[in-house]
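Hi,

Here is the structure we talked about. Please open it alongside this note.

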Amino acid sequence: MRKSSISKVVLSAVCAGVIGSSALYATPSTQIWIPSTDIQGFLKPHIGWDVYSLNDGTGMISNGGLTMGVLPFEKLGLEVGVDYRAILGGDQRKPIYTNAKIGTPEDGLFKYMPAVAVGIYDLGFVKDVNDYSLVYGLLAKNIWKLGRISAGYYYGAGSESLWMVPGDTTGKVERGGLLASWDRVITEISDKLWVAVDYQSGNNWYGALSFGVAWNFAPNVGVILGYDIYNNKDASVPTFTFQVDINAF
């Protein structure tokens with residue numbers, strides 16, 4: 001199942017975000033939290049709306065966005081996207097972020113080849129405010145009936161001040177880390193049901209373990225319910241997420 005969340009949040013930042021910080025995701029096609037190797041089809045617009053809420057009810061971020069594939073090739077795809085988000089009671093500076101991803105599907109160039117994707121997300125344009133600019137690479141492979149395994153690495157190429165470890169008084173910076181996920185369509189129950197677990201390492205705003213389930217109510221409409229546990233527990237509390245994904249046509 002392709003889960004394309006156009007807009008996503010680093011909700012660990014909600015704890016600080018609703019009172020001043022704005023570390024947010026503007027992402028391409030994703031799992032629950034991390035990017036995936038999936039890429040939107042050529043000229044197929046995808047609309048996404050995500051809500052992340054602190055489990056103590058004290059903060060919420062709502063994001064909406066659009067992603068579209070822009071290459072007409074079967075074995076090489078490129079998607080680009082833009083997002084707008086609103087922080088309930090928080091900092092509304094520079095709410096626009098962009099993303100892009102290029103890749104090839106499984107078996108795209110030769111048999112048994114994993115899917116490959118390289119991209120950037122949370123690309124803002126104001127230094128020290130929203131230029132997180134996460135560059136990443138991912139490999140993914142479906143393994144028999146076990147589901148799809150993905151693994152990769154990310155690096156925050158933006159302003160150093162945005163990558164300082166929250167709550168650390170020494171000025172420690174953590175720009176990069178691992179990406180990993182497992183996802184599977186539960187065909188034993190229904191081909192409309194999908195589950196996933198993903199992980200992003202690092203004690204920055206982005207590090208988290210997330211898991212969730214999705215249901216396709218129609219061929220072009222899916223809803224995800226998920227839960228996120230952040231690595232930096234001193235600076236954040238877990239969040240619930242509700243995500244709606246619609247392929248326009």
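Below is what turned up in it, starting with the strands and ending with the aromatic rings.

Keep in mind that this is a predicted model.

The barrel: 12 strands close it, in the order S3-S4-S5-S6-S7-S8-S9-S10-S11-S12-S13-S14. Their pairing is antiparallel. From one strand to the next, the twist averages 20°. Strands of a sheet pair through backbone hydrogen bonds.

- S7 (residues 115–123) and S8 (residues 134–143) run antiparallel and are joined by seven bridges. Ala 115 sits opposite Ala 140 in S8.
- S8 pairs with S9 (residues 147–156) over 10 bridges, again antiparallel. Val 135 has Tyr 155 in S9 as its bridge partner.
- The hairpin of S8 and S9 has three residues between the strands. Trp 144 in this hairpin takes a positive phi near 45°.
- S9 pairs with S10 (residues 176–185) through eight bridges, in the antiparallel sense. Here Tyr 155 stands opposite Gly 176.

Now the rings. The structure holds 11 aromatic pairs. One of them is Trp 33 with Tyr 52, edge-to-face, at 5.8 Å centre to centre and 75° between the planes. This pair links distant parts of the chain, 19 residues apart. Trp 33 lies in the loop between S2 and S3, and Tyr 52 lies in S3. Are these two buried or exposed? Trp 33 counts as buried because its relative accessible area is 0%, under the 20% cut-off. Tyr 52 is buried too, also at 0%.

There is also a cluster: ring pairs link Tyr 132, Tyr 153, Tyr 154, Trp 163 and Tyr 206.

Best wishes

Technical notes:
Residues numbered from 1 in each chain as written. Predicted model: local features only at pLDDT ≥ 70, side-chain atom pairs only at ≥ 80, totals over all residues. Heavy atoms only, no water. Pairing = 2+ DSSP bridges. Helix = DSSP H or I, 4+ residues; strand = E, 2+ residues; numbered from the N terminus. Axes fitted to C-alpha atoms, helices over the stretch in contact; angles between N-to-C directions. Phe/Tyr/Trp six-rings, centres within 6.5 Å; stacked < 30°, edge-to-face > 60°. Buried < 20%, exposed > 50% of the residue type's maximum accessible area, 1.4 Å probe, protein only.
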